[in-house]
Structure formats: structure tokens, C-alpha cells
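Subject: Structure handover

Hello,

Please open it before reading on.

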Amino acid sequence: MKINFFHHSHGGLSSPAEGPQTTIFNVQAPQMTLQTVVTDLQPVTTYLVYIYIHVAASTVGGQGVGPPAAISTLEFVPIGVQSPVVVSEGTHFLHLECLSPAQPNGVITLYTLYVGGVLSFSGLNTQATVVYSGANLQATVSPTTLYFFSLVAYNAGGSTQSNASIVTTIKSSPDGVPFPNITIINATALSIVWSTPLVPNGIVTGYVVLQTNIPSGFSYVSTDLPPFTAYSCSILACTV
């Protein structure tokens, strides 16, 4: 007995003699065997199955062909889910683009986008190529911060997660520089003490107090000041 598999043609299900279909498998089953297992088929593909029965030449000789049976394989998990393409466009903005899998292996029913393991986007874009594109992330984007992005594609066969894309946002000037604490030492000296910015947005490399460069530390003593004079003090924190 011989079993032939043919692809499902777009023009309909035709017999081997009628269409341009190509034999995918030709399985020789042992004599009198009524079943076999065929492997290495493509997911989500319709096949035509014909049963050929050969009669030994020592008897009458010849062969018989059974009617075709159409069968479709099941969906399989998506293959080739690409990592999101992420570009830092500022201190608080990231532009990212996600593409559809190279082999959907079925109908994609959902995409999810994770930022550092936290769900940021969930939906289904009807476009064939671009799944998600934009800079309006639900997650807060901060300067000088490392972010990990990954895309998950779902179909009836399961889900596949991409490798992570890693991007670091650019540095920015510090935010939340506190007011200095000023103490009068004597008639000609002031003590100025400050703390680090609430949001450094990078590595603080130095401070400027009263136009005097302070390479490190959180205090400065100003001397040789004229007595009984009003002064205004502010702190400028510097990053690269």
C-alpha cells in the first residue's frame, strides 16, 4: 500500500492527475498494514491524502486509487519573534518598533510588550508587518536608566517570547536640587551645607556654590565677607 500527500492548491482540491500539486510524502506501508504515522508536516497546512493499493503482478496486477481526503494540520507556536527595535530619543522618550513573527504558524491572536518584566502594551494590530510603533509608553521613562523590552506573540498553538532589547536613556541635568542650609559662623563667615539632588539623572561630578567650584562634599565655608550684608545662596549640581 502506498500513501501520497499533496498540498492543498489555491484552485481547489484536485486529484494527482488534474492539478500542479507536488507529492510531499510517499509512504510505503507494509503489506496488510491499515495505518501509518506521517511526520515532518508543515503547521497550518491543508493536505490531500490518496491511498494507492497495489495488486501483486502474480495475480491480476495493477493498482487502485481511493478518493482524496483533505486534512489540515494544527497551529504551532510562532517562530522568529524578533526583539523590539528601541531607540532613545531623549531623556524621557523611547521610540520602539515591534515586527510580526517570521513564521506566525497560525493566526496571531494577541501581542504583549513587556518593559523590565512589567506589561506595557497588550493588543492586536491589524497591520501585517508592524505590530507596535510609538513613544507613548505606559511605563515612566527616566534619564540614565537601563530598560529591557521583550515582545510575546500568541496563537492557538501557544506563545513565543522574543529576546530582550536593552537600551539606556541619555543623561540629563539633575532634578530636585534642595535648598542649602546656611549657618552664620561669625560676622565675616557663613557655613553652607547641602545634600544630593533628589533625582540625579546621572553621576554628579561636582557642585558650584557662589561661583566657586566644589569638586566634592556637601559643605562650604565662605569667609572674608563684609559684616552686616545680605547674601543669596544657591546650589548648582553638575553632571556629564
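Below are the notes on what was found.

First, the ground rules. This is a predicted model, where local features need pLDDT of at least 70, side-chain atom pairs count only at pLDDT 80 or more, and totals for chains, interfaces and linings use all residues. Residues are numbered from 1 along each chain as its sequence is written, and side-chain values use heavy atoms, with hydrogens and water left out.

Overall picture

The protein has 0 helices and 19 strands. Both come from DSSP runs, numbered from the N terminus: helices are H or I with at least four residues, strands are E with at least two. Of the 240 residues, 30% are buried. Buried means under 20% relative accessible area, exposed means over 50%, and partly exposed lies in between (1.4 Å probe, protein chains only). Take the contacts between residues at least 6 apart in sequence: 61% of them join residues at least 24 apart. A contact is a pair with heavy atoms within 4.5 Å.

Surface

The accessible surface comes to about 14,600 Å², and carbon and sulfur atoms hold 59% of it. Areas are from the Shrake-Rupley method with a 1.4 Å probe; for residues, only the protein chains shown count as cover. Leu 146, Phe 148 and Ile 166 form a nonpolar patch of about 290 Å². Patch residues have over 30% relative accessible area and no salt bridge; like charges are joined within 9 Å, nonpolar side chains (Val, Leu, Ile, Met, Phe, Trp, Tyr) within 5 Å. A salt bridge puts a side-chain nitrogen of Lys or Arg within 4 Å of a carboxyl oxygen of Asp or Glu. Phe 148 sits in strand β11 (residues 146-155). Phe 148 counts as partly exposed because its relative accessibility is 37%.

Backbone

Most residues other than glycine have a negative phi. Asp 40 is in the loop between β2 (23-28) and β3 (46-55). Asn 105 is in the loop between β7 (94-99) and β8 (110-115). Asp 40 is at 68% relative accessibility, so it counts as exposed. Asn 105 is at 11%, so it counts as buried.

Strand β8

Tyr 111 belongs to strand β8. Its relative accessible area is 4%, so Tyr 111 is buried.

Best regards
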